[in-house]
Amino acid sequence: MPVLIHVSDPADPRLDDYVRLRETKLRAALEAERRLFIAEGELVIRRALAAGYRPRSLILAERWLTGLMPVLADYPDVPVYVVTEDLAEAVTGFHVHRGALAAIIREERWTVADLLGKRRLVVLEDIVDHANVGAMIRNAAGLGWDGVLLAPRSADPLYRRAIKVSMGTVFALPWARLTSWRDAIPTLQAAGFTVAALALSDDAVALDDLAADPPERLAILLGTEGDGLSSTWVSQADVVVRIPMSAGVDSLNVAGAGAVACWALR
């Protein structure tokens with residue numbers, strides 16, 4: 001069984017992996033340096049371990065020990081720090097209402113080349129909100145798409161907030177980060193994909209029309225939360241697609257639009 005270590009001091013250096021979880025820039029640097037990510041809540045921790053990720057340590061409130069101990073039986077060398085919820089809040093900077101956190105060893109599991117062999121891809125251009133990235137990965141997984149590609153400046157799918165919103169689907173659905181924003185669309189086209197940009201362009205076709213005769217291999221492009229797709233990506237796409245709207249509403253938020261498109265073109 002794992003080693004249970006009761007900790008009463010929030011400054012204990014053994015808890016350093018969990019400090020100030022709400023400070024995005026600090027966490028990005030720390031997690032990159034230590035090659036880890038944080039999983040929050042029993043369900044997400046279970047899904048990370050079931051997907052084969054290895055824990056580095058855990059912080060658990062007493063009430064989570066019974067449920068998680070059987071899951072952790074395969075990791076006898078992994079320390080489990082038993083803390084009060086007040087201490088967890090002092091370390092992390094927020095109320096850890098799920099009472100369970102794990103520092104997980106980060107792995108790069110898929111490459112762009114791996115995903116270019118698929119049939120249905122979602123491609124995210126510079127979507128910087130972690131919740132939107134997590135939601136889109138969950139949408140793609142739940143609606144039967146094969147994977148997600150992220151432009152270089154898109155948010156990290158293994159950031160705590162993205163993992164939480166995705167409900168752990170980031171551990172199962174293949175995703176990879178593009179190394180070149182400028183070459184992304186030609187690379188997809190060279191691999192045999194029809195590339196469809198979701199954008200409000202005058203020459204856009206209705207989503208229903210594309211769904212009536214969908215391409216065999218398809219990549220849909222979704223753009224930033226504010227301005228949408230760049231003019232470069234829109235101009236490089238094979239087709240521009242819009243979702244027909246009503247009541248004077250011109251568009252949905254990116255996660256909602258992505259879900260609609262994934263459903264229609266599945």
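Glutamate 31 is buried, with a relative accessible area of 3%. Buried here means under 20% relative accessible area, exposed over 50%, and partly exposed in between, computed with a 1.4 Å probe on protein chains only. The model is predicted: local features need pLDDT of at least 70, side-chain atom pairs count only at pLDDT 80 or more, and totals for chains, interfaces and linings use all residues. Residues are numbered from 1 along each chain as its sequence is written, and side-chain values use heavy atoms, leaving out hydrogens and water.

Glutamate 31 sits in helix α1, residues 24-34. Helices (H or I, at least four residues) and strands (E, at least two) are DSSP runs, numbered from the N terminus. Not counting residues up to four places away in sequence, glutamate 31 touches Leu36, Phe37, Ile38, Arg106 and Leu158. Contact means heavy atoms within 4.5 Å.

Next come the sheets. Strands of a sheet pair through backbone hydrogen bonds, either parallel or antiparallel. Two strands count as paired if DSSP finds at least two bridges between them. Four bridges join β1 to β4 (residues 79-82), and the two run parallel. Valine 3 has proline 79 as its bridge partner in β4.

A second open sheet has seven strands, ordered β8-β7-β6-β11-β9-β12-β10, with parallel pairing. Its edges are β8 (175-177) and β10 (205-206). Strands β9 (residues 194-198) and β11 (residues 218-222) pair in the parallel sense over four bridges. Threonine 194 stands opposite leucine 218 in β11. Helix α11 (residues 254-264) packs on the sheet and touches β6, β9 and β11.

Helix α6 lies across β6 (120-124), β7 (147-150), β8 and β11, at about 170° to β6. Ten of the 13 residues of α6 are buried, so this helix is largely enclosed by the rest of the structure. Among them are His130, Met136 and Asn139. Aspartate 129 caps the N-terminal end of α6: a side-chain oxygen lies 2.9 Å from the backbone nitrogen of alanine 131. After α6 comes glycine 144, whose phi is positive, near 85°.

Notes
A polar contact is a pair of N or O atoms within 3.5 Å; within protein, one must be able to donate a hydrogen and the other to accept it, and residues adjacent in sequence count only if both atoms are side-chain atoms. Axes are lines fitted to C-alpha atoms, for helices over the stretch in contact, and angles run from 0 to 180 degrees between N-to-C directions.
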